[in-house]
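Keep the structure in view as you read.

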Amino acid sequence: MPKVVSIHSYRGGTGKSNFTANLATTVAADGYRVGVFDTDVPSPGIHNLFCLEPEQVTTTLNHYLWGEAPIETAAYDVGANVGIDADKLYLVPASVKADDIARILKDGYDVKMMNDGFRSLVKSLKLDYLFIDTHPGLSKETFLSIAISHVLLLILRPDKQDYQGTAVTMDVARQLNVRNVLLAINKTYSTLNPEALKQKVEETYQSPVAGIFPLSEDVVQLASEGVFCAKYPDHPVSQEFWKVAQHIMVEA
Amino acid sequence: MSDLQSLTSSITAVTSPFRSYLTDLHIQYQADNDGAVADYIPELALAKPEWFGICVVTQAGQVFEIGDCDQMFTIQSISKAFVYGLALEDHGREYVNSKVSVEPSGEAFNAIVLDETTNRPYNPMVNAGAIATSDLIKGANGTERLKRLLAMFQRYTGRELDINVPVFLSEKATGFRNRAMAYLMLNFGMVSDRVDETLDLYFQQCSVMVTAKDLAMLSATLANGGVNPVTQERALDERYVQDVISVMLTCGMYDGSGEWTYRVGMPAKSGVGGGITAVAPGKLGVGTFSPLLDAKGNSVRGIKVCEDLSQDFGLHLFNVAKPKLNLDDCLTGNDVDNW
């Protein structure tokens, strides 16, 4: 049965797209068929990590949501860009054209269409996993992606605003009867004791912490021009992603 | 219900297996292009053959809308069932029954036939019976009677409705057969002598603009004992709900009513505008809209949707077998597990 994994954080800049790209790549490299949706229509970006250039993209998620194209035509095989076999890893990008973003913000879209798009692509590409990269905060589409998730991965930084926002998101997730919530702590500093941090966060939110990621200059240097774990598979950060991916595959 | 709960419930409706089921039905029957758009007046011929909406409203007030559920069209004969309910409220069962019988006629909707012994029209769903029913609607003048009728529809649908004036004028200008029937009934004393006012009211009630969602609200209100399940407003006296549903079952689908009862078994009313409203008492209301009609004047796609819903969820009134799909599970479950 296909599994849906949503990657979310209450605030921006936590590393959602980075996590989505690395986890999706790791799962695809393990032999599964994986689809990635960029539902962050107000500020899309994950296509950069998969090295999908705007000029290669003719149809986007926006066009599907406007009823102009079937979702299948907005799915791009990005496996080759991250060293994976063809027909294993697909990305549905959102449009980066200012006009397109303005139109979707102005007119909105039918959240039912989004759900039908997920479902349709999972069926037609026979996906094992669907990863959903989300816009930060809470909105109708966040509610939708949380509601359909087998695993919801919430990313937070060691920061008071993130702690509070994560608590709000947990409330919503419980209201939506989400099955599994995993937490990942990103951008921790060297002075923090990872074990103590993990224990404190797990106690606070009553959900397992699947990985702890230190603030990494190596990740920053790649600057969204590729998927980190594909470029540096033996790096400790890549190993932490592998740990989280395994946790996701077990929970899902 | 808190705002968080209400938003959660709307998302749960989106992710439910029932919505996916309806979406699949919509895709399946959208491809079916059998039937023809009604063209006896030019306004109806403007309908696009591809228009297709399915709406279901449950007794708990959950709303499922697939396809063209906001497209307006004229209610046409579907109005007859609900005006009958208002006439019952205005005069009571006995008096209304003395003016209009409740026997299926087996004749076409526009037949000029009255019961030979009592001179009553056969039932409130054929044109003659509907005109006699409209005659019973109380009010000092035509305007007041129309306003009462529109207020009645508003209680069912939860929104203000209007009539389509060009359709009304066209129906009025070409409705010679209905005019003839009205005067025949006047001759037998079955309608009062305000015949022209009543005919106007009848043409107006057929010209009320509705959507598939409105049709689902109409039948869901009947399914919920006369109370709109979303607004909780009462639209029809509890005592008369079964009267309206009964005549829908026996006479609602024109001269296709017998086969409809056998195959679908959901009390329903269709209109040549392309609408069907169907009731599953105590469970839900269905509203469908697709203007492609069969030879009897019923929406081809709408019939298929109702047939499938009835069979798959055991919505036939007399069903005792375990249905293929459990309605409650489909309404409350999460469809992602069926992907």
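Predicted model: local features only at pLDDT ≥ 70, side-chain atom pairs only at ≥ 80, totals over all residues.

Q: What makes β6(B) and strand β7 (residues 275-280) of chain B a pair?
A: 3 bridges join β6(B) to β7(B), and the two run antiparallel. Two strands pair if DSSP finds at least two bridges between them, so these strands pair. One bridge links Ser270(B) to Ile276(B) in β7(B). Strands here are DSSP runs (E, at least two residues), and helices are runs of H or I, at least four residues, numbered from the N terminus.

Q: What makes β3 and β6 of chain B edge strands?
A: The open sheet has 5 strands in the order β3-β2-β8-β7-β6 (chain B), with antiparallel pairing. β3 (63-67) and β6 (268-270) of chain B each pair on one side only. Neighbouring strands of this sheet are turned by 10° against each other on average, direction ignored.

Q: Which strands does helix α11 (residues 212-223) of chain B lie across?
A: Helix α11 of chain B lies across β2 (53-58), β3, β7 and β8 (284-289) of chain B. The helix runs at about 155° to β8(B). Axes are lines fitted to C-alpha atoms, for helices over the stretch in contact, and angles run from 0 to 180 degrees between N-to-C directions.

Q: Why does Ala24(A) count as buried?
A: Ala24(A) has 31 C-beta neighbours inside 10 Å. Buried needs 20 or more other C-beta atoms within 10 Å (exposed: 12 or fewer; partly exposed: in between; C-beta atoms are placed from the backbone). So Ala24(A) counts as buried. Ala24(A) is in helix α1 (residues 16-29) of chain A.

Q: Why is chain B called as compact as a globular protein of its length?
A: Chain B has 15 helices and 9 strands. The radius of gyration of chain B is 19 Å, close to the 20 Å that the globule rule gives for 339 residues, so the chain is as compact as a globular protein of that length. The radius is taken over C-alpha atoms, and the rule is 2.2 Å times the number of residues to the power 0.38.

Key. Residues numbered from 1 in each chain as written. Chains lettered and ligands numbered in written order. Contact = placed C-beta atoms within 7 Å.
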